[in-house]
Amino acid sequence: MRRYGKHTDEDDVRVRPNRKGNRPRSNIRPKHEDASEGLVLTVDRGRITCLIEDRTVTAMKARELGRKGVVVGDRVMVVGDLSGAKDTLARIVRVQPRSSVLRRTADDDDPYERVVVANADQLAIVTALADPEPRPRLIDRCLVAAYDAGLEPLLVLTKSDLAPPDTLLESYGALGVPYVVTNREELADGAAADRVRERLTGRITAFVGHSGVGKTTLVNALVPERRRATGHVNAVTGRGRHTTTSALALPLAADGGWVIDTPGVRSFGLHHIDPSRVIHAFPDLEPGTADCPRACSHDEPDCALDQWVAEGHADPARLYSLRRLLATRERREGD
Ligand SMILES: Nc1nc2c(ncn2[C@@H]2O[C@H](COP(=O)(O)OP(=O)(O)OP(=O)(O)O)[C@@H](O)[C@H]2O)c(=O)[nH]1
Ligand SMILES: [Mg+2]
Ligand SMILES: [Zn+2]
């Protein structure tokens, strides 16, 4: 493999004379046809860690990528020094088309959407049953974001040693979202990891939730050889301490699949949600929208879904749940 020296990239080559002599630039510039595909494992202030075959390679964005972001889960084309040796820096020249994009905004009025992860196929919505208190509004918002992005949601209810899951499970029953309940004892004896792992095999799952709900604790139980730091929940405020500061993708052993641990969120802003994509996750209701007015919000007087349910095609509880989710953008914190 050719070396271009420490921290050298295309831009350096363009502006600096070549110290080694007068080789033409075309010899120095890596050819993009030689690019190797990598999976982005983590992004830390412009330093992007990729997995290329079995090597972990640090890279940065090539200038030609412009403002296009690179996020955890991206499949990228990388050129330059791909040895993975210390102090080497490769360049990402292309981001492959994404199969899914999970977005969130800081709040609903914020037009700046950040991509949380790319190419995930499942969203594990992690909620503690206590400490911190569960907030159904955040769950609803994550569900909407998952449906909108085409990810399958999985409800992970942690800390059942502190409070029972019954009320929460009841209110999500009609949605039919798969769920797992875990607790401290089962984290210790491996039962929690086993039960969660069943849902993760062969898939790329992003773990999201408030700080302190136990995302990293669970990821550590699933991938013990890659232990990350966990934090304590503040006894007075009942809040987590935002221990995890960057998203990280970790491979599940043997049976395949990836888990992506993410930093705790305070809110999950939904700036733009397309109701037609959300309703796609409700196959029992979707055919009933054929008679809806154009661009129906599915939560207005002329919506055809009332008729659909009245005619017995679907369970009214399902329509209620759908509308509760679609209305979650309008509701304020504390609802
Ligand atoms: N009682 C109890 N505590 C738990 C359980 N799971 C995790 N915890 C505790 O919850 C605290 C927070 O766990 P973390 O894994 O750091 O939470 P996190 O969601 O990763 O938090 P951030 O990284 O800040 O977003 C730690 O003290 C864990 O030991 C559980 O099932 N029961
Ligand atoms: Mg964490
Ligand atoms: Zn409608």
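In which loop is Pro132 found? Keep that in mind as you open this predicted model, and we will go and find the answer together.

Stop 1: Select strand E8 (122–128) and helix H3 (136–149), then look at the loop between them: that is where Pro132 is found. Now show the backbone from Asp131 to Pro132. The peptide bond there is cis, with omega near 0°.

**Stop 2: two residues with positive phi.** Most residues other than glycine have a negative phi. Select Glu53, in the loop between strand E2 (47–52) and strand E3 (55–61). Glu53 is not a glycine, yet its phi is positive, about 50°.

Next, select Asp87, which lies in the loop between strand E4 (75–79) and strand E5 (90–95). Asp87 also is not a glycine and has a positive phi, of about 70°. Asp87 is partly exposed, with a relative accessible area of 42%.

**Stop 3: one helix, one buried face.** Select helix H6 (residues 191–200) and colour its buried residues: Ala192, Ala193, Val196 and Leu200. Look down the axis of H6: these buried residues fall within an arc of 90°, so they line one face of the helix. After H6 comes Gly202, with a positive phi near 75°.

**Stop 4: the largest pocket.** What volume of space lies in the largest pocket? It holds about 710 Å³. To find the pocket, select Val43, Val71, Arg114, Val115 and Val116, the closest to its centre of the 27 lining residues. Strand E1 (36–44) and strand E7 (114–118) each give two or more residues to this lining, and E7 gives the most, with three. By type, the lining of the largest pocket has 13 nonpolar, six polar and eight charged residues. Colour domain 1 (36–95) and domain 2 (101–261) separately: both give residues to this lining, so the largest pocket lies between them.

**Stop 5: the second largest pocket.** This pocket has a volume of about 580 Å³. Select Lys159, Gly212, Gly214, Thr217 and Gly231, which are the closest to its centre among 28 lining residues. Helix H5 (184–189) and helix H7 (215–222) each supply two or more residues to the lining of the second largest pocket, with H7 giving the most, four. Here the lining divides into six nonpolar, 16 polar and six charged residues.

Definitions and conventions. Residues numbered from 1 in each chain as written. Chains lettered and ligands numbered in written order. Predicted model: local features only at pLDDT ≥ 70, side-chain atom pairs only at ≥ 80, totals over all residues. Heavy atoms only, no water. 1 Å grid on protein atoms, 1.4 Å probe; cavity = no way out; pocket = protein on both sides within 12 Å on 5 of 7 lines; lining within 4 Å. Points joined across faces, edges and corners; volume = space filled by probe spheres on them. Nonpolar A, V, L, I, M, F, W, Y, C, P; charged D, E, K, R; others polar. Domains from an automatic or database assignment. Buried < 20%, exposed > 50% of the residue type's maximum accessible area, 1.4 Å probe, protein only. Arc of directions from axis to C-beta.
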